[in-house]
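Dear colleague,

I am passing on the structure below, and I would be glad if you could look through it alongside the notes that follow.

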Amino acid sequence: MLSIIDVTSGYGSTMVLRNLALEVPAGKVTAIVGRNGSGKTTLIRTIMGYNRLKSGTISFSGRESMRSRPPTAPEPGLDMFPRGDIFFRI
């Protein structure tokens, strides 16, 4: 399960996500939709560690992750395709 609790993240002093909460159950397909500029990419970049988490917690499979930079090797069950096609395998 991917669990996002009270997450705030953004770029520099501009906060794009404020106090966001989301749970994605294991084995379920979840889509994040919204108009341009609504924070979809910021959310994915924050989950993957490309954006700094200002506050809150992100946990995957029960393990809390507070990365300041992306991993050098992918974690099992969590993938991102840099072309813009984003896929989570939970």
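How many of the ten residues of strand 1 are buried? Seven of them are, and strand 1 is thus described as mostly covered, where buried means under 20% relative accessible area, exposed over 50% and partly exposed in between, with a 1.4 Å probe and protein chains only.

Please keep in mind that this is a predicted model, in which local features need a pLDDT of at least 70 and side-chain atom pairs count only at pLDDT 80 or more, while totals for chains, interfaces and linings use all residues. Residues are numbered from 1 along each chain as its sequence is written, and side-chain values use heavy atoms, with hydrogens and water left out. The protein chain averages a pLDDT (the predictor's confidence in each residue, from 0 to 100) of 79, and 71% of the residues score at least 70. Confidence is highest in strand 2 (residues 14-24), at a mean of 94, and lowest in strand 4 (residues 63-65), at 71.

The elements run β-β-α-β-β from the N terminus on; helices (H or I, at least four residues) and strands (E, at least two) are DSSP runs, numbered from the N terminus. Strand 1 pairs with strand 2 in the antiparallel sense over seven bridges, and with strand 3, also antiparallel, over six bridges, pairing being assigned if DSSP finds at least two bridges between two strands. Individual bridge partners include S9 with L17 in strand 2 and T8 with S55 in strand 3. The hairpin of strand 1 and strand 2 has two residues between the strands, and G12 in its turn has a positive phi of about 60 degrees.

S3, which lies in strand 1 (residues 2-11), counts as buried because its relative accessibility is 9%. Leaving aside residues up to four places away in sequence, S3 touches L22, E23, T57, I58 and S59, a contact meaning heavy atoms within 4.5 Å.

In helix 1 (residues 40-48), the buried residues are T42, L43, I44, T46, I47 and M48, and they pack against strand 1, strand 2 and strand 3 (53-60).

With best wishes
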